[in-house]
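Me: I would like to go through this model term by term. Please tell me what each word rests on.

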Amino acid sequence: MKLNIIVLAKQVPDTRNVGEEAMNSDGTVNRAALPAIFNPEDLNALELALQLKENNPGSRITILTMGPHRAADILRQGLYRGADAGVLLTDRAFAGADTLATSYALAAAIRKIGEFDIVLCGRQAIDGDTAQVGPQVARQLGLPQVTYTRKIIELKEGKMLVERSIENGIELVEAPLPLLLTVDATADACRPANAYRLLRFHRAAIPTEQATEGFRYAEQLAADTELQLKEWSLTDVDGDATRCGLSGSPTKVRKVENVVFQAKESKRYSASDEDIKALVSELLANHTIG
Ligand SMILES: Cc1cc2nc3c(=O)[nH]c(=O)nc-3n(C[C@H](O)[C@H](O)[C@H](O)COP(=O)(O)OP(=O)(O)OC[C@H]3O[C@@H](n4cnc5c(N)ncnc54)[C@H](O)[C@@H]3O)c2cc1C
């Protein structure tokens, strides 16, 4: 069975290595101080897509991201690993989007891509951390969804059998296609970039990059359509401006506060049995444990 697979991938600041300069004084993230990376769980989602493609020859993977022009980089990273096409959704009208407006825009782009069987996305992004976008996209497209996916077991007669992580175990779920899966970090890690594909696809570019002075691969792009990454605006996806960006975002951030924990008192315990017993009794007494 040939599948049309869409992977939602977000470019995020690498919040795993946050240093002092990573925060602005107003409590917002200083994105310039952190390297921009492929959201980790979106790589797990891409790996499941690549496995589906291998098991279903003739299948096609499109990576879709919404972000600024520099996010085209993660489309290339997807191509290096085996994706077939990339779409960047970018427009000033999308700026300031909360999760509802983000999922509206992504759903509009998925409709424009057209036929699809499976949408795969990460469980959550390491910067926003809400885990809302996947379920909201499913809702906007009227798709069934399976969250916390860790493995695809079987695809048969228009249905997919999926293993999902739950607290203290796993659950087997069957769902009809087309469907959306959110994938968590317990799924297989993504394969590295393929050297041949890296040499070919590092030339892939969105129209804005092609128009920059000094762009060196115009001839190669003209000869090889697979190097042409798509760049879509609000108008391209027939989006409603009132449902995008700030105007489409019911979430309002009233205040951002830096919370610094300060120890008011400290106690020292030795590693002796006596001290450890005293510590445990104290923690039990004040209900920190137990
Ligand atoms: C009032 C408000 C204003 C905001 N303004 C801005 C702003 O100006 N600029 C800004 O960068 N952020 C802004 N944000 C944050 C923005 O809403 C979130 O980054 C975005 O909606 C995704 O949510 P999340 O990071 O929690 O993703 P999650 O819900 O945790 O992500 C789940 C999965 O959805 C997919 N996904 C999520 N986002 C994208 C994407 N953009 N492209 C493709 N796939 C995606 C990925 O597969 C991801 O793993 C704002 C948030 C609020 C509440």
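**Values against definitions**

Me: Why does Asp129 count as partly exposed?
Reply: Asp129 has a relative accessibility of 42%. Buried means under 20% relative accessible area, exposed means over 50%, and partly exposed lies in between (1.4 Å probe, protein chains only). At 42%, Asp129 therefore counts as partly exposed. A word on the source: this is a predicted model, where local features need pLDDT of at least 70 and side-chain atom pairs count only at pLDDT 80 or more, while totals for chains, interfaces and linings use all residues. Residues are numbered from 1 along each chain as its sequence is written, and side-chain values use heavy atoms, with hydrogens and water left out.

Me: What is the phi of Asp129?
Reply: Phi of Asp129 is near 65°, a positive value in a residue other than glycine. Asp129 sits in the loop between S6 and H4. Helices (H or I, at least four residues) and strands (E, at least two) are DSSP runs, numbered from the N terminus.

Me: Which value makes Ala131 partly exposed?
Reply: Its relative accessibility is 26%. Ala131 also belongs to the loop between strand S6 (118-122) and H4. Leaving aside neighbours within four places in sequence, Ala131 is in contact with Arg123 and Gln124. Contact means heavy atoms within 4.5 Å.

Me: Why is Tyr148 called partly exposed?
Reply: Tyr148 has a relative accessible area of 34%, so it is partly exposed. Tyr148 lies in strand S7 (residues 145-156). Its phi is positive, about 55°, although Tyr148 is not a glycine.

Me: Is Val87 buried or exposed?
Reply: Val87 is buried, with a relative accessible area of 3%. Val87 is part of strand S5 (residues 85-89). Not counting residues up to four places away in sequence, Val87 touches several residues, among them Ile63, Leu75, Ile113 and Trp232.

Me: What makes helix H2 (residues 72-81) largely enclosed by the rest of the structure?
Reply: Eight of the ten residues of H2 are buried, so the helix is largely enclosed. The buried residues include Ala72, Ile74, Leu75 and Tyr80. After H2 comes Gly82, with a positive phi near 135°.

Me: Why are H3 and H4 called oblique to each other?
Reply: Two packed helices are described by the angle between their axes and the distance between the axes. The axes of helix H3 (residues 99-113) and helix H4 (residues 133-141) come within 8 Å and cross at roughly 50°. Axes are lines fitted to C-alpha atoms, for helices over the stretch in contact, and angles run from 0 to 180 degrees between N-to-C directions. Angles under 35 degrees count as roughly parallel, over 145 as roughly antiparallel, 65 to 115 as roughly perpendicular, and the rest as oblique. H3 and H4 are therefore oblique.

Me: Is the crossing of H3 and H4 left-handed or right-handed?
Reply: The crossing is right-handed.

Me: Which residues in H3 and H4 meet?
Reply: Among them are Leu100, Tyr104, Ala107 and Arg111 in H3, and Val133, Gln136 and Leu141 in H4.

Me: How do you know that Phe215 and Tyr217 form an aromatic pair, and of which kind?
Reply: Rings of Phe, Tyr and Trp (its six-membered ring) pair if their centres lie within 6.5 Å; planes under 30 degrees apart count as stacked, over 60 as edge-to-face and the rest as tilted. The structure holds one aromatic pair. For Phe215 and Tyr217, the figures are 5.9 Å centre to centre and 90° between the planes, an edge-to-face pair. Phe215 is partly exposed at 22%, while Tyr217 is buried at 15%.

Me: How do you know that Lys112 lies over the face of Trp232?
Reply: A charge sits over a ring if NZ of Lys or CZ of Arg is within 6 Å of the ring centre and within 35 degrees of the ring normal. Lys112 is at 5.1 Å from the ring centre of Trp232, and lies over its face.

Me: What makes the peptide bond from Leu177 to Pro178 stand out?
Reply: This bond is cis, with omega near -5°. Pro178 lies in the loop between strand S9 (169-176) and strand S10 (179-183).

Me: How many helices and strands are in the chain?
Reply: The chain has eight helices and eleven strands. Of its 290 residues, 41% are buried.

Definitions and conventions: A crossing is left-handed if the near helix is turned anticlockwise from the far one by less than a right angle, and right-handed if clockwise.
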